[in-house]
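Here are my notes for you, as numbered points. Have the sequence and the structure open while you go through them.

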Amino acid sequence: MKILAIESSCDETAAAVVEDGRRVISSVVASQVEEHKLYGGVVPEIASRRHAEAIVPVVSQALEQADVTLGDIDAIAVTYAPGLIGALLVGVNFAKGLSLASGIPLVPTHHLRSHIASNYISNLELKPPFLCLIVSGGHSHIVMVEDYTKMKIIGRTRDDAAGEAFDKAARTMGMPYPGGIALDKVAEDGDPHAFTLPRPVVHDAPYDFSFSGLKTAVINLIHNSAQKGIELNKADVCASFRYAVVDCLTTNFLKAAEDLGVKRLVIAGGVSANSLLRSTLEAECKKRGYEFYMPAKSLCGDNAAMVGSQGYYEYLSGNIAKTDLNAFATMSIE
Ligand code: KG4
Ligand code: ZN
């Protein structure tokens with residue numbers, strides 16, 4: 001079964017053709033990041049306009065690269081929540097139009113569920129149930145994936161998402177948006193124990209995260225040093241901050257796995273490309289005898305291949321949209 005997938009929830013316009021949820025035949029991603037860099041973050045109005053311009057060429061390219069026409073497509077999967085509402089509406093309305101005109105069924109797909117599904121492409125043997133740590137620019141969740149379309153939130157962030165904290169810390173050090181990737185690279189040459197940063201915990205909620213205090217602590221460290229004319233070693237600051245974030249993420253994730261008795265662990269979302277997060281969990285899971293899966297680095301960020309994968313399982317579960325499908329800025333993964 002071939003699915004044409006469309007993604008436009010943030011600053012990437014993407015389309016892909018995916019077979020049976022696991023085989024990517026084509027995948028096209030048009031990134032707007034260079035334009036948003038000028039403003040230090042995503043400007044929603046600009047994002048919507050760029051999606052409107054890019055959607056037709058990107059979808060055409062995905063079909064061309066797969067060497068198929070609409071006649072070969074069995075379903076159209078589209079990201080309908082959560083994300084920037086104006087950005088989502090471009091993809092949803094385009095997909096609705098295409099579905100109405102062609103008679104091809106439309107499958108509404110949740111963005112975070114799609115991030116999880118990037119693992120089905122990278123790890124063909126992976127099947128639910130498993131425990132997943134989803135860490136992106138807007139969300140940080142620990143989710144029990146009971147089945148492809150049945151999930152339960154075990155923990156969540158109370159304030160900032162991990163990606164957001166990485167980006168703000170990086171911006172304070174003068175790195176361009178989205179700074180998480182640059183910070184990760186610079187951290188490789190630093191000492192993770194050079195600076196002591198807090199490990200915020202949420203009282204009575206051992207699986208929840210809180211990154212805002214940690215983010216403020218690193219920003220204060222940088223500003224206070226600048227005011228005193230002290231030059232900090234940037235690599236050491238990056239390494240200490242990365243270590244603190246990864247420590248919070250892995251501690252809660254591994255505790256949840258132990259308490260729930262789950263021995264199959266998965267990571268997903270933009271921050272799952274972080275090298276320390278990947279190596280730490282790989283080592284910890286090996287020590288504990290757990291299975292551990294992660295997406296290929298190329299599939300960690302926003303793309304439509306993962307939408308085509310999750311869309312397949314949504315279709316199998318009977319999740320077909322009606323003509324009144326709308327987009328939603330927020331929506332639980334459950
Ligand atoms: O999942 P994603 O592409 O978009 C959302 O759905 O939010 O995640 C983007 C986030 C950004 O905050 C970016 O800085 C972060 O993922 N990110 C990283 C790395 N690569 C991307 N954070 C830390 N280390 C990385 N290597
Ligand atoms: Zn995303």
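1. Let's start with a term: a disulfide is a pair of cysteine sulfur atoms within 2.5 Å. A disulfide is a covalent bond between the sulfur atoms of two cysteines.

2. A word on the basis: this is a predicted model, where local features need pLDDT of at least 70 and side-chain atom pairs count only at pLDDT 80 or more, while totals for chains, interfaces and linings use all residues. Residues are numbered from 1 along each chain as its sequence is written, chains are lettered from A and ligands numbered from 1 in the order in which they are written, and side-chain values use heavy atoms, with hydrogens and water left out.

3. How many disulfides does a search of the whole structure find? It finds zero. Take cysteine 248: its nearest cysteine sulfur belongs to cysteine 238 and is 17 Å away. Cysteine 248 counts as buried (under 20% relative accessible area; exposed is over 50%, partly exposed in between; 1.4 Å probe, protein chains only), because its relative accessibility is 8%.

4. Now the open sheet: five strands, ordered E8-E7-E6-E9-E10, with mixed pairing. Strands are DSSP runs (E, at least two residues), numbered from the N terminus, and two of them pair if DSSP finds at least two bridges between them. E8 (150-156) and E10 (291-293) are the edge strands, each with a single partner, so one side of each lacks a neighbour in the sheet.

5. Look at E6 (residues 130-135) and E9 (residues 264-268), which pair in the parallel sense over four bridges. Leucine 131 sits opposite leucine 265 in E9.
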